[in-house]
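Biologist: Could you walk me through the surroundings of the ligand in this model?

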Amino acid sequence: MASGARNGGGGLGSRTTAKMDRQQGSTATPKAPAGKPRLSAAGGGAYRRTSSGPLPAAGAGGGRNSSESGVSSRVRVAVRLRPRNAEEQAADADFADCVELQPELKRLKLRKNNWESDTFEFDEVLTEFSSQKRVYEVVAKPVVESVLEGYNGTVMAYGQTGTGKTFTLGRLGDEDTAARGIMVRAMEDILADITPETDTVSLSYLQLYMEMIQDLLDPVNDNIAIVEDPRTGDVSLPGATVVEVRDQKSFMDLLRIGEAHRVAANTKLNTESSRSHAILMVNVRRAVKGRSEMNVSMSAENGHSSSMMDSLRPPIVRKSKLVVVDLAGSERIDKSGSEGHTLEEAKSINLSLSSLGKCINALAESSAHVPVRDSKLTRLLKDSFGGTARTSLVVTIGPSPRHRGETTSTIMFGQRAMKVQNMVKLKEEFDYKSLCRRLDIELDKLIAENERQRKYFDDEIERITAEAQYRVAEAEKECKVSLERMRK
Ligand SMILES: Nc1ncnc2c1ncn2[C@@H]1O[C@H](COP(=O)(O)OP(=O)(O)OP(=O)(O)O)[C@@H](O)[C@H]1O
Ligand SMILES: [Mg+2]
């Protein structure tokens, strides 16, 4: 994070502009890349698209809109209140919740005492009665739609330990389908929208534990490096397992494998406390139908036939990424009762969360320096905050007045995140690999045809030569006979 979000592109302040990325049209209607109809717009309205649309034609020369930096899109933030748990029902029985929600006004009141409260506005306020379906629809669905249209997207949960981040994102809903969390619902929508013959979906599932990135699908792989593309600012993890997903069942199996490998511990505040940040990366690659581009005028100018030009036109693909981040919870060591190794984990979690907080603050204030390199978490989230992704954050809070301090800091984190602007860009590029494959096949055909013709010509030459030799011999014979006749 070298500078504020205003510079656009490259993520968390980087000044780099993605060469192959494409700017969203600023006023036109979004365009679905594949033949199927797009998912319907989410209810709730808080996550309206800022803009998107069909793209202007690419210029000649292969690169696509290299100078465009995208369209500004603010990070959307929802707050979700967890219902009182059994311990709170007993211990806080005589006390009111520390917050009062006004979902219709999208407001939350944080009680200071019996008379006073501070009021905060969010993009969406989700009460303790909000269903998982509604939470998905207002928090994640617009981001998933965006990913299907070719933009990067991030959905992240942030909050104190035990407030429902994993519940919101990672519930599999094995026993009760209504309990399915955002990861499961997002993949259902993605698989329902893609065209299996031309599009592919693949994923990696990782955890960031004690500043090490571990592959949740292959835990032996526990020191994965983050690689940044200096040209585009894109962050990737080439060492991670990437699995192609074709159906929901295989996706659920992968989630189960990942969940089994994720580090969790029983703490005073959460019996199943996540001790690592989990990151699900879903890569969506879609073919853009009926719009392979190349400067058509070249055909006329150079006098090439149109079929030849057709075969030189690279197809267009959209390569977008959905990142779902289930953070480990911040905790006050005295309250969570962490000791020994669990204490070390807590310190590492708190350290990475505090560096995330610093980056969010810097971006919110459009500060000249954003300390993105301070932790792996902030490096991983480079594209999500101040980058090119459409980002939706859900901040989870508990109702207990005993955790008012932690709830306040979570709310303040959410408020600052609402000020972060991303520069959303279409991840569209010419598919030169597939053009190469196509040209290879064409070339092979031409070589075979050439060989066939050469053989035909050689045979013809042989035949004509033989015929000529025969005729010459015949003529010589006739000449000899005539000469002999004349001599007589
Ligand atoms: N909205 C909710 N409705 C009902 N139960 C919930 C809700 N949110 C969370 N819970 C329950 O609260 C407990 C803690 O939730 P969860 O593990 O998701 O917290 P977390 O924020 O991921 O915590 P940590 O940071 O420690 O990992 C779980 O038993 C979960 O089932
Ligand atoms: Mg958790």
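Modeller: Happy to! This is a predicted model, where local features need pLDDT of at least 70, side-chain atom pairs count only at pLDDT 80 or more, and totals for chains, interfaces and linings use all residues. Residues are numbered from 1 along each chain as its sequence is written, while chains are lettered from A and ligands numbered from 1 in the order in which they are written.

Biologist: Which element gives the largest share of the shell around ligand 1?

Modeller: The shell has 18 residues, each with its C-beta atom, placed from the backbone, within 6 Å of the ligand. Helix H3 (165-170) and strand E15 (273-274) each give two or more residues; helices (H or I, at least four residues) and strands (E, at least two) are DSSP runs, numbered from the N terminus. The largest share, three residues, comes from H3.

Biologist: Is Thr163 buried or exposed?

Modeller: UniProt lists Thr163 under "binding site" in an unreviewed entry, and such annotations may be inferred rather than shown by experiment. Thr163 sits in the loop between E8 and H3. Buried takes 20 or more other C-beta atoms within 10 Å, exposed 12 or fewer, and partly exposed lies in between, with C-beta atoms placed from the backbone. Because Thr163 has 28 C-beta neighbours inside 10 Å, it counts as buried.

Biologist: And what about Gly162: buried or exposed?

Modeller: Gly162 also belongs to the UniProt list, and its place is the loop between strand E8 (153-159) and H3. Since Gly162 has 26 C-beta neighbours inside 10 Å, it counts as buried.
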